[in-house]
Amino acid sequence: MGRYVIRRLLQMIPVFFGATLLIFLMVNVMGDPIAGLCGDRKCDPATAAQLKKEFGLDKPVWQQYVTYMGNVFTGDFGTAFNGQKVTELMGTAFPVTVRLTLVAIVFEIVIGISLGVLTGLRRGRPIDTTVLILTLVVISVPTFVTGLLLQLLLGVEWGVIKPSVSSEATVDELIVPGLVLASVSLAYVTRLTRTSIAENRRADYVRTAVAKGLPRRRVVLRHLLRNSLIPVVTFIGTDVGALMGGAIVTERIFNIHGVGFQLYQGILRQSTQTVVGFVTVLVLVFLAANLIVDLLYAVLDPRIRYA
Amino acid sequence: MRGATHAKWAACAAAVALAATACGGGSGGGDGSGVVGSSWGDPQNPLEPANTNEVQGGKVLDMIFRGLKRYDPKTGEAKDMVAESIETKDSQTYTVKVKDGWKFSNGEAVTSKSFVDAWNYGAHLKNNQKGAYFFGYIEGYDKVHPEKGDPSADTLSGLKVVDARTFTVKLSQKFSTWPETLGYPAFAPLPKAFFDDRAAWLAKPVGNGPYSIKSYQKGSKMELRKWDGYSGDDKAQNGGVDLKVYTDNSIAYNDLMAGNLDLVDDVPAAQLRNVKNDLGDRYINTPAGIIQTLSFPFYDSKWTRPGMEKVRKGLSMAINRQQITETIFQKTRTPAKDWTSPVLGEDGGYSKSLCGDACDYDAAQAKKLVQEGGGIPGGTLKISYNADTGSHKEWVDAVCNSINKALGNNRSCVGNSIGTFADFRSQASQQKLDGAWRAGWQMDYPLIQNFLQPVYYTDAPSNDGKYNSKEFDALVDKANAETDTGKAVSTFQDAEKVLAKDMAAIPLWYQNGSAGYSDRVSDVSLNQFSVPVYAEIKVN
């Protein structure tokens, strides 16, 4: 187990460098960011040169990358164009997005898995068909449509929620945005669970458990569900990263000042430091989530053991 | 009805002044303590006076700072604020006297040193201030802000503190309207606290304006409260303003409709169709000092050969400004008639006739002129714009359509989108664009000089197209040296006539400021910079 984890951690290193380098290059080919800072007028050349020097933009790209990575390892993610430390931006943005992601994940787990179990056990019945149609609708409608519609109906027309989330972004304010963010994944979780449950229902061990006279609840939860969760856990695990990065649309709709907001601003203003910094952390989140998923397999299915 | 509101406002102001009692419509927050919730955008640069060059940061500076002069929100006239007097004999050396008794909200007195230090800071190269060029007229600027190399002086030699309330300014050239530029936020005074601990000051800026900052969460919210120690006569009529950062103005609009916000100072284009229904007379659409033009690459010999002025004039006549401003912009733009803005007023140099028939749509004449001038270089006019903000694609396509139709050729004009604003600006400012590009000019101060000199003077900072005309330059120099304001303005207009003759840039339209507000507030208006006059807003 320990060796497996170490091997996986070592594998992360090239992925990490590759991903950050790619982002670094992508932001850099977009052109000269300083020109945008001065608005519709031209920066005076002396100030522009001075700014470039301050942000290290006067050096060749590879040198910028090396310096940047060197700084990252000392915990210095650089300064955004508005004079704020990128770490400071992260400190305000990540807690908000993590909260939003957690709300979304809870929705995925609670609603997605319950619906999946329900439909998996009642395959072909009206409830199964209804849920299947519903999930199809949710999957096919883009998130921004669902988001804008809910915002307009619940927020503006009926006044149930506030159309925009306040800067504190408390959990109760994040419920609707979280639901919107979770919606597509939730539908997938439902379908995955349903298929997996329906498949395993006819498995020998389930028949054995039923034959042993175990209570139905125990059969479903301990035996059937536990074995059916492997694909679902894989999905949810990788989804954590996707949700954090993909929150950009939901965050924009509901005016949530999280990672998506900062990334959006960073891209618009071509602030290399902000974009690379945030993406670096997101890459780490992705990698960690993947590792955790792999380790969870062993918990769910004792036959999977990492030597 | 509007008159009635104003009368009430005046009466209330008088009552406040006399008895220092509250005044209002009776119930609720009508006692002047109500807080206005307003939309905001994340300022692009740190909030320093000389480093702020966009509306969002400027909005805050206008609330927490008062400079020597202030532009009257209604007329745009530069009136003395902190200045008691600004005197000159030769339009080059000025003696500034600061009013007594002004304070910063941390208790420090506003003295002549507050100004001199702030200006020296703003001008110095090592401080990276994006508005440093505002101090470019002051003698010694080339020493503290050389075009190349390190500064050879730390302070501007043209600035001298005489005593606590007096300082002198020596300019490097005659500039008769210079005092009127001093209303720009870059010229604001800075307290000692700024120089002692800049980081702390930036976290919570302290100024001498009608509001002080109660809390500032960067990137999301700023709470400003009425400052009772304020010395000016434009005291805040409300208890404060909460500025909330929105990523998208349509969310702000939704919040306004849902009653969570009082003021949106940028109505989203998609809502312009409904805004009259939604808000009625709580929708404001007034001219601002912004003009949009099409610029041309004068650095490219194809565009400077004889006869090209006819082509440019023809292209100008091929654009149906009336139709585009009505259908695409829902009348939030006004077809341009000159190279300035109506907010200057006739006395300030705005003219309805300067562009003449060259700004009127006339397809037949347009085609004729373009042909006479030898046709569009390369056969196709490429109009570059940035695609990330401002929905420029729509109107560029419309302009091209109009040109194509007028010239009877579907390939006369195409739009050329560039991904980000930064990239667009970097290509424009490095003379890498061929064909035309969209250009916008938002005035720094309501002076005709500001619409002409920085944009069309030879090698001026915003002359991206490298337009050059000796005749124009000479007239601008002459106008600047003119001591009589009326004469200066008319000489500037003569210079503008040179632009008209050369069609140095095609004037498209003047941009309006648009805002909407809830029924919880009243007396909302926009100044010439399309920024709400926050201090005058009353919470009912």
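**A nonpolar patch and a chain interface**

Hi everyone, let's start with one side chain: Trp158(A) counts as exposed because its relative accessibility is 57% (exposed is over 50%, with a 1.4 Å probe and protein chains only). This is a predicted model, in which local features need pLDDT of at least 70 and side-chain atom pairs count only at pLDDT 80 or more, while totals for chains, interfaces and linings use all residues. Residues are numbered from 1 along each chain as its sequence is written, chains are lettered from A in the order in which they are written, and side-chain values use heavy atoms, leaving out hydrogens and water.

Trp158(A) lies in the loop between H7 and helix H8 (175–200) of chain A; helices here are DSSP runs of H or I, at least four residues, numbered from the N terminus. Trp158(A) also belongs to a nonpolar surface patch of about 730 Å², along with residues including Phe144(A), Leu148(A) and Val249(A). For such a patch, residues need over 30% relative accessible area and no salt bridge, and nonpolar side chains are joined within 5 Å. Helix H7 (residues 143–157) of chain A gives the largest share, 5 residues.

Now the interface. How much area do chain A and chain B bury between them? About 4100 Å², 49% of it on carbon and sulfur atoms, where buried area is the accessible area (1.4 Å probe) lost on being put together, summed over both parts. Asp40(A), Arg41(A) and Lys42(A) supply 18% of chain A's buried area against chain B, more than any other three residues.

Across this interface there is 1 salt bridge (Lys or Arg side-chain nitrogen within 4 Å of an Asp or Glu carboxyl oxygen). Arg252(A) pairs with Asp248(B), with the closest N and O atoms 3.3 Å apart.

Conventions. Patches are made of residues with over 30% relative accessible area and no salt bridge: like charges are joined within 9 Å, nonpolar side chains (Val, Leu, Ile, Met, Phe, Trp, Tyr) within 5 Å. Accessible areas come from the Shrake-Rupley method with a 1.4 Å probe; for residues, only the protein chains shown count as cover. Helices (H or I, at least four residues) and strands (E, at least two) are DSSP runs, numbered from the N terminus. Buried means under 20% relative accessible area, exposed over 50%, partly exposed in between (1.4 Å probe, protein chains only). Buried area is the accessible area (1.4 Å probe) that two parts lose on being put together, summed over both.
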